[in-house]
Amino acid sequence: MTKATQRDLFPGALEMMILRTLKRQPLHGYALAQNIKQTSDNVLQIEEGSLYPALQRLLKQELVKAEWGTSSTNRRVRIYKLTAAGAKHLQREVSSFERMLEGITRVLAPGES
Amino acid sequence: MNHLRKLFSQRRMYLELSEEIQAHLDEKVDELVADGMSREEARQVALREFGNVSVVEEKSLDVWTWSYVENLFSDVKYGLRALRHNPVFTIVVLLTISIGIAANAVVFTVVNSVLLKPLHYPRAEELVALHQVAPGAEGLADFENGLLLSPSMYFTYAEHNRTFQSLGVWFASTANVTGLAVPEQVRTVGVSDGVLQTFGVPPAVGRWLSQTDQVPRGPERVMLSYGYWQRRFGGSETVVGQNITLDSRPREIVGVMPQGFQVVDADFDVITPLAFDRGSVILAGFGFHGIARLKPGKTIADADADLARLLPVWMDSWSNGPGNNPHIYETWKITPIIRPLKQEVIGNIGELLWVVMGTIGVVMLIACANVTNLLLVRVEARQQELAVRAALGAGWARIVRGILVESVMLGLMGGVVGLALAYSGVRLLVAMSPTNLPRLSEVSLDARTLGFTFLLSVLSSVLFGLVPALKYAGPRSGSHLRSMGRTITASRERHRARNLLVIGQVSMALVLLVGAGLMIRTFEALRTVDPGFADPQHLQLLRISIPGSLVAEPERVTRIQNGILDKLAAIPGVKSAGFVSEMPMEGFDSNWDQVFAQDKVYADNTIPPLRLYKYISPDLLQTAGTTLVAGREMMWSEIYGLQPRVMVSENLAREMWGTPSAAIGKRLRESPKMPWHEVIGVIQDVSEKGVQETAPETVYWAPLMENPFGPGPEQATRTVTFAVRSERAGAESFLNDVREAVWSVNSNLPLASVRTMQDVYGRSLARTSFTLVMLGIAAAMALVLGIIGIYGVMSYAVSQRQREIGIRLTLGAPRGHVLQMVLQQGTKLALAGVAIGVGAGLGLTRLMTHLLFGVTAHDPLTFAAVSGLLILVAVLACYIPARRAILVNPMVTLRYE
């Protein structure tokens, strides 16, 4: 039981990435994992399983919705889709994250004073 | 709402999630295989990158629930299933727990109702009993109630106190009611003004007796009890204003007290006014119980000081007649020791009840130890399962909780069954009405009992659940996966908990057995005391009172009594009959006074010790089986001739004259105005107050004698107990004969207190026998539970060592040797338990010193016998499994592994 995700990411980061990924297109679990990995160029080491509790949290907050469908390999899979509330939430989160990042960057920037 | 729905569709969610995760893994495997990996390799990579599947599943589901409640819910479901799959275990555990809880709940109900609940009076905490002692008055120590109040004390206290809202005195007695169906003796309580005001319980019908009803020789008014009102007047409201004939005088009924109202501990039918006559009240006459209600903010200490201040006022205000020094009572050192009324009602039963409660509590501990043992064995058997669960990611806390939930469920189920048992138990107890338990009618299950039972169930289940939970759910349980299959011998550490439990059980059982043993010895000691009467089963008693309003002339009273005796003696099967003012242990208020001997000199300012006065007919001694130590009995001719004759008890004769025979011919009297009475007989000492108490020095007067305080009509003893010696005593047909005999002399005489001497004797032993029975039951339960505990542990230990024993036997160890080895192990445990138990017992039995008689709390015989018994039983409990072990063919054991 490694706790890699919790060590490497701040709380809510995984959810934010899922929402961002789903904003482009609805995906099923495995595709979602692959997508995040590729997009991040494998910089972020995410245990694939940790996606599922995060997805359940998002479902519970009704930021995403899920429907059973078929994958490209013809398997029965659950396909996740961003809801309107999810899109709004993502926007809020991203802007607040950007502000935070901005702050951190300023602090970390080499001294100008 | 959504959560709740999800909670119940959990199973579907779980299936969907599994399917989804499985699809995820399959996709990945397909992809990896497409990239050129072998399918097997691909599966492993997929699983590794995914993480722990079951943890992911659990975490995902957790999102939807209030996880704690959810987990608890599933633990409960799991636990129930486990219990259902193991019915023998479940039933044994449930029985043990529920019997333990039931016993505790019953005793707690009694303790709660008798000791803890407040009395049924408004603001009962303000009520006090005016108890006082007089250490300077010799002989008074025999008074159970200390020094009661005299009417003059009542007047002084009531009029001059500064600490009471109200105050009164009362006195329980009996009276005859005629004119309603058959003549009947009723229980009366005479009250002064202030008693009803102090209790503050409003009447159910009509009004209280008031000050205007306390006028001497005024209109005579009474109140009724609820029960008597229902029984004799059908609960009719028109009873107020009617008359009732009490001791042949009509009295007007002014009110009825409500149901359940008692005057302190006295049940009654009729309340009468005492109506003291101020004009003729003297200092003496200490025959009344005082009660009072404290003013708000005043303490008992304030009240004690207040009454102590009033004692000199009392001596200055009243006298015992001209020529008497009123300050003679200073030598009595009268001291008020006011007590809360509750303490007065409960008496000394509290100590007994707490001992019983403690005993039953120990039984519960032993039961818990047994259940712990069972659970330990069970958890050990489930180790593999637990280890697998731990390996699959169940947290340590989760497993501990699982075990605890299971034991709490057992505890609660046991509590429910126990409560049902307790309900019947309490009803049985009340029906048997053991001893003279005060407030017995109030004993019932209530919210507090429910709370106690619930708490007890939970606490005990945590107690017996925690040991196995902590022992086996520890982080190291992973190692059990490896060590599970084969074990050569049981490790020492694995047995430590169980061994400690057995030692604890043996020591607790020893303490209880010693307690029961001491009570048995007490009972035996009491049985060997000669109470001063013989063969009580065949001694019929009945009490008859002849009031002055019915028969005025004293001599006629005695002649009627004599006539009744003759009729009784003529009943077929009657050997003899006699009467006396009271039989031993009957518990009626007795008459005590001083007595002066002619050949002794008495200093002016002292009061000689008080002696018990009894009034006795010819033939009573022979009837009761009381031995005449010296001299002879009185004869009827002497009684009617008012000849000054008297008899004394052996201890009084020895105190005054050295030997019984020396007493014969000596003379004594009660007061200077009385002629000297010649001692003609000496009677053996009689245990008047019960066999535990020393026999009081007693003076036996004739039932008819001249007025001891000077000129005036002679005096007859109007209320006496008739004793009839017959094989038929107690039989209904015999009682009919007795009634007819009495009514053939005077049909207006009611028979009261109809019982055999055995009933009276039994009741005086009731406290001891109640304790004996309770401790006996507790000790028997402890012994059985202890045996089961030892047996269980030894069987299990032997079964664990089966392989070792097999090897030893194959290698040629003699069977006897192996047997001895196993027995030694068990005996060691028993010895350790006995040693601890003896230590604890020596400390604890001291608490029951007051309950013992004729045996010390450290009685070596009891301790030795109980220790021996326990060791013997323990060895036997080890022998059976040990024997089974050595009789098994060693090859079978070895092959089995």
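Which residues have the most contacts inside the largest nonpolar core? They are B:Leu568, B:Met583 and B:Phe722, and this core has 141 residues. A nonpolar core is a set of buried Ala, Val, Leu, Ile, Met, Phe, Trp, Tyr and Cys residues joined through side-chain atoms within 4.5 Å. Buried means under 20% relative accessible area (1.4 Å probe, protein chains only).

This is a predicted model: local features need pLDDT of at least 70, side-chain atom pairs count only at pLDDT 80 or more, and totals for chains, interfaces and linings use all residues. Residues are numbered from 1 along each chain as its sequence is written, chains are lettered from A and ligands numbered from 1 in the order in which they are written, and side-chain values use heavy atoms, without hydrogens and water.

Start with B:Leu568. Among the residues it touches are B:Val574, B:Phe722 and B:Val738. Touching means heavy atoms within 4.5 Å, and residues up to four places away in sequence are not counted. A second, separate core has 36 residues, including A:Leu27 and B:Met13.

Now find B:Asn370. This residue lies in helix 12 of chain B, residues 349-381. A helix here is a DSSP run (H or I, at least four residues), numbered from the N terminus. B:Asn370 counts as buried because its relative accessibility is 6%. B:Ile788 is 418 residues away along the chain, yet the two C-alpha atoms are separated by 7.7 Å.

B:Asp304 touches B:Pro336, B:Ile337 and B:Ile338, leaving out residues up to four places away in sequence.

Conventions. Buried means under 20% relative accessible area, exposed over 50%, partly exposed in between (1.4 Å probe, protein chains only). Helices (H or I, at least four residues) and strands (E, at least two) are DSSP runs, numbered from the N terminus.
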